Each structure stands twice: as C-alpha cells, then as structure tokens.
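Let's take a friendly walk through one structure, from a helix and its surroundings to a group of aromatic rings.

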Amino acid sequence: MAERWRFRTAPDLGFLMTEEREEPRRLSKAALETLAIIAYHQPCTRAEVESVRGVSLSKGTLDLLLEMDFVRLRGRRRTPGRPVTYATTDRFLEHFSLASLYDLPGVQEMKAAGLLDLSMPVGFEVPDPSRAGDDEGEDLLTGLDDAAPEFAQDFVSEDEESQP
C-alpha cells in the first residue's frame, strides 16, 4: 500500500465515521460592497445602498448578509413608503476584528492603503459610521419575535364559537 493507511468500517456504521464540516461562506464582491456601504452609512435603506453602488441590489445579497448576521433590520424611516433601514451587528465587528465602528478606516487610512484615488472629486467625504446611534426620522424595530405573527387578532368571540 506504499506506506499509506486506509480506514474501513462496516457499511451500517459508516454514518458514525463521517465528519460534517461546515464550509465557511465567502462573500461576493457585491455583498462586500453592500456591507461596506451599510457600515459607513448606517442606518441606511436599500434605495440608499443602490444609489451609492450605482446598480440595483439583488435581494439575495441582503438576505445573505442578514443570514450571516452581519446586518440587521434597524428600523423604518418616517418617509413615504416607510422603508426598512439596515445596520451592522456585533457579529460584523467580531468577524472583522473591530472593537467598535470608530475603528473603521477613515479617508487618510484608505488613501494610504491605496483604496481611494488620490484625485477624489470635490465634496467627496467618507461618512462617519459613528452616527449609527442617531435615530432621528426613524422608528426603531424593537422586540422582533419571529415566532409570533405581527398582526394576529382573533375576530371570533367565545359566544359565537359555542353557537351552531
């Protein structure tokens, strides 16, 4: 066998020998861009993310970020249509080894790393992610419970149930 080992087991016990590993999910470029926009502009809506990116956002991108717990629903804007706003989570900070949003790189750090062009347009500024605590013009979503329906109401009284 050329100095190799092979482990074999009975077919009925094979399930005990299998190792189930969860492959780490990789974020696409679109997902990373979306996550960066949310991190720097939070709280922001889907339309704001699309405006910054310049292209429409596929629903799967936000779903993936929500599923991986990098982004959470933060609230609803007090504007027509009441759009949902998104913000980053503690899991996002842990994954990227950040103590807080203040540790996100600023303009000078991004220029030094070559991530920003030195000839930026006039009026360009990197948003301050520390304004995430600012809830002006927004209704926060609190006490979300996925198990209970949001608009559950019983319209049948006990008296009507007992009548044939």
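Helices (H or I, at least four residues) and strands (E, at least two) are DSSP runs, numbered from the N terminus. Thr61 sits in one of these, helix α4. The model is predicted, so local features need pLDDT of at least 70 and side-chain atom pairs count only at pLDDT 80 or more, while totals for chains, interfaces and linings use all residues. Residues are numbered from 1 along each chain as its sequence is written, and side-chain values use heavy atoms, with hydrogens and water left out.

**Thr61 and its partners**

With 9% relative accessibility, Thr61 counts as buried (under 20% relative accessible area; exposed is over 50%, and partly exposed lies in between, with a 1.4 Å probe and protein chains only). Its side chain makes a polar contact with the side chain of Ser58 at 2.9 Å. Such a contact is a pair of N or O atoms within 3.5 Å; within protein, one must be able to donate a hydrogen and the other to accept it, and residues adjacent in sequence count only if both atoms are side-chain atoms. Setting aside neighbours within four places in sequence, Thr61 is in contact (heavy atoms within 4.5 Å) with Ala30, Ala31 and Thr34.

**Helix α2 and Ile38**

Helix α2 covers residues 29-41 and includes Ile38. Its 13 residues should span 18 Å at 1.5 Å a residue, and the end C-alpha atoms are 18 Å apart, which agrees; the expected span is 1.5 Å times one less than the number of residues. Among the buried residues of α2 are Ala31, Thr34 and Ile38.

How far apart in space are Ile38 and Thr88, C-alpha to C-alpha? The distance is 6.9 Å, although the two are 50 residues apart in sequence. Ile38 has 0% relative accessibility and so counts as buried. Beyond its neighbours within four places in sequence, Ile38 is in contact with Cys44, Val49, Leu62, Val71, Tyr86, Ala87 and Thr88.

**The aromatic rings**

The structure holds 2 aromatic pairs. Rings of Phe, Tyr and Trp (its six-membered ring) pair if their centres lie within 6.5 Å; planes under 30 degrees apart count as stacked, over 60 as edge-to-face and the rest as tilted.

| Pair | Centre to centre | Angle between planes | Class |
|---|---|---|---|
| Phe70 and Phe96 | 6.1 Å | 50° | tilted |
| Phe92 and Phe96 | 5.2 Å | 55° | tilted |

Phe70, Phe92 and Phe96 form one aromatic cluster. Phe70 counts as buried at 1% relative accessibility, Phe92 is buried at 5%, and Phe96 is partly exposed at 36%.
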